[in-house]
Structures are given as C-alpha cells and as structure tokens.
Amino acid sequence: MRGLRKSRRTSRTVTVGLCAAAFAAALTAAPAQAHEAVKAAHWALKDSGSDVRFRGLSAVSRDTAWVAGAKGTVLRTTDGGASWRNVSPPGAADLEFRDIEAFDARRAVVLAIGEGEASRVFRTDDGGATWTESFRNTDAKAFYDCLTFFDRRHGLAMSDPVDGRFRILSTSDGGRSWKVLPSDGMPAAQDGEAGFAASGQCLVSAGSHDAWLATGGGARARVLHSTDRGLTWKAAETPIPAGDPARGVFALAFRDRAHGLAVGGDYRADQASPQAAAITPDGGRTWTPAAQPPPAYRSGVAWLPHSRTSALAVGPTGTDLTTDGGRTWRTLDTGSYDTVDCTPDLGCWASGEKGRVARLER
C-alpha cells in the first residue's frame, strides 16, 4: 500500500507539472495563443472559513500557501485550498497583519503594521503551532509597512520615514532577530512620502542583494533601489500619479535584477487612476508608463513563472493580465483581490477582502 500511495502521488505531481508547464508555454507563445490562454484562465475561489481581509499572502506551491490579515489572523493550506488551518499567533487579535513571507509549509515570518509597538514581526518554524515575536518597534515615529527576503536567511523590512528618511530593518538569521540599518545611504524623503501597506509588495527583492521600495503620498511617486541589501539606495521617479496621500506606487514585482513592474493609482473608489502601471528595463533607474494600463487602481502584481512577458495585477475592482511585459493590460476577472503571488509550479494565488482567497486555474 505504501508503494501504491507513492505511485499515485508521483502520477498526480507529474500531471500537475505538465498542466502548469503547458499553461506557462501558452502564455509565452505567440499573441494569439497567449490570448486563448488568457480566456481560459480564471480564479477559483477557495473557502478560507474567515471573513477578515487578507492583504498578506505567500504562495509556496500550488498546494501550500499562507495568508495574513486583520484581527491578527494567519491561515495556512497544504492541500490547494481545500482546507485551511487557523495558525494565528496567540494574543495577536488586536494586530493588523499586512505581509507574510513563507519559506515552506513550516517556516514563515509575518509582519504586523501600525504606529509604535503595533509594528511587530513574528516567526514560526512549526507550521504556525508556535510563534516567536522577534521584533517589536519602540519608536513612536516608525510605522512598518512591508518585508522581503533574499533567501532563507537574509531579509529586510521597511518603515515610513523617520526623521526624514525611510527606515530599514535587516535580518541575517531568517527573521529570528532584526537590527535597524544606518540611514546614511537613504535619500531624503519628500514631504508626505510613505509606503503603502496594501499588499505586502511595497518592498520586494530579486537575486541575492537587490531590493526595491515603492512610495506614494509625495509630490512624485518614486521607487528606491538598493544593490547592497539595504545599506544604500538610489531614488527614481515613476509616471504613476502621486501628489496626494491616497496616490502612488502600491506594489512592485521584478522577474530579475533588471525587469520590473509597478502598479498603483488612487485607492479611493470614487477617484480615477490613470497611468496605474509602469515598467522598467534597467533595474528601476527609469520607468515608462504602460501604453494600455489597468482600468483602475491596482494594489498587487506578480510575474507568471517561466515567463519573460506575462504578469498579473490585482485590485478591488478586478484582475488584469499582460502578455507583453507590462506594456498593455487586459481584464481577466472582476473579483476583488488585494495581493497576488505565484510559484515555480504555476501556483498563482490571490487574496483580499471578506476572507477571499483564490488559485488560478485553467
């Protein structure tokens, strides 16, 4: 029986892998084939058993994903969303989780946002059975928004400006301990400039040393880039509109050190969001507006795996897909999602308000 079960698992894994590979191949093929793949793809809702808003999401595979959200809630699935386990840290009901980074089905780091001691970081090594608080902010002027990891050991977290500069936390032991990095290498912030804790994607990384930080609220929406794990940063303006606390770049995605996407707009439902997407071919030094941007504000974005040209953007009014590297976007779905994440086996997940969690299916 043990051998039979193993054989069935292997067969299922191969089948899923072939389907994922075929879907990825279709998305990277000629425009006509990619269009057919777009029409065939859809979000399949998974019953999370919760009604909180999940702005934090970390996809490990098609089977395993973690979501984090309001009321200190953390859920985990290991069966493709068929069932979810509530693995929330005890005593966290008053916290607002906005970002989670999972290394596998057992190890994850979650960020709570807010002023002063409301900003905290927790880590689990046993699938959420127990959690350790590894950081608690003690500076009343700091407000942490997002975190990212380069690998299983090295990561960063970012705070809105403190004394005129964005503050960066660093870890070299997988989030078990954190230290504030010197601010000497951080450019001065604009008046009113901040990050958006909307999707866990205002701070992202690619490779072993490169990180990018997205901003809004100031006169210009900017992206700051570091090539040395957060020690020094260079700022570049983007064409995404800002000049208001509700406008700017909300999410970034880089498929390598050079090619990146930025999405955002104005998060207020009664406000238009023209030029809500931009692309960079040079690591964020320059940004070009999308020729055909998403039709409304978007808070999350992710490259499809094994593709150099296809990506998804999500927001409260829908999901858009690009098959030309972010130059043009077309609507795929009109459901509400805040964030999106994809895995090498094409396990694309999205999450958002009212406990909504979905996986991309063909």
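Which pattern do the disulfides of the chain follow, with bonded cysteines counted along the chain? They follow 1-2, 3-4, and the close-ups below start with these bonds. The model is predicted, so local features need pLDDT of at least 70 and side-chain atom pairs count only at pLDDT 80 or more, while totals for chains, interfaces and linings use all residues. Residues are numbered from 1 along each chain as its sequence is written, and side-chain values use heavy atoms, with hydrogens and water left out.

**View 1. A disulfide joins Cys-146 to Cys-202.** A disulfide is a covalent bond between the sulfur atoms of two cysteines; here a pair of cysteine sulfur atoms within 2.5 Å is counted as one. The structure holds 2 of them. In this one, the S to S distance is 1.9 Å. Cys-146 lies in strand E10 and Cys-202 in the loop between strand E13 (179-180) and E14, so the bond ties together parts that are 56 residues apart in sequence. Strands (E, at least two residues) are DSSP runs, numbered from the N terminus. The torsion about the S-S bond is about 115°, so this disulfide is right-handed. Cys-146 is buried, with a relative accessible area of 0%, and Cys-202 is buried with 0% too. Buried means under 20% relative accessible area (1.4 Å probe, protein chains only).

**View 2. Cys-342 and Cys-348 form a disulfide.** Their sulfur atoms are 2.1 Å apart, and both cysteines are buried. Here the torsion about the S-S bond is about 110°, so this disulfide is right-handed.

**View 3. Strand E8 (residues 120-124) is largely enclosed by the rest of the structure.** Look along both faces: Arg-120, Phe-122 and Thr-124 on one side are buried, and so are Val-121 and Arg-123 on the other. E8 pairs with strand E7 (residues 108-115) in the antiparallel sense over 5 bridges; two strands pair if DSSP finds at least two bridges between them. Find Val-109, whose bridge partner in E8 is Arg-123. E7 and E8 form a hairpin with 4 residues between them, and Gly-116 in the turn has a positive phi of about 55°. E8 also pairs with strand E9 (residues 132-136), antiparallel over 4 bridges, with Arg-120 opposite Arg-136 in E9.

**View 4. An open sheet of 4 strands runs in the order E18-E19-E20-E21.** The pairing is antiparallel. E18 and strand E21 (288-289) are the edge strands, each pairing on one side only. Between strand E20 (residues 277-280) and E21 there are 2 bridges, and Ala-278 has Pro-289 in E21 as its bridge partner.

**View 5. The largest pocket has a volume of about 990 Å³.** A pocket is an open set of points on a 1 Å grid over the protein atoms alone, where a 1.4 Å probe fits, with protein on both sides within 12 Å along at least five of seven lines; lining residues have an atom within 4 Å of a point. Grid points are joined across faces, edges and corners, and a volume is the space filled by probe spheres set on the points. Of the 38 lining residues, the closest to the centre are Glu-101, Phe-149, Ser-205, Asp-341 and Cys-342.

Conventions. Buried means under 20% relative accessible area, exposed over 50%, partly exposed in between (1.4 Å probe, protein chains only).
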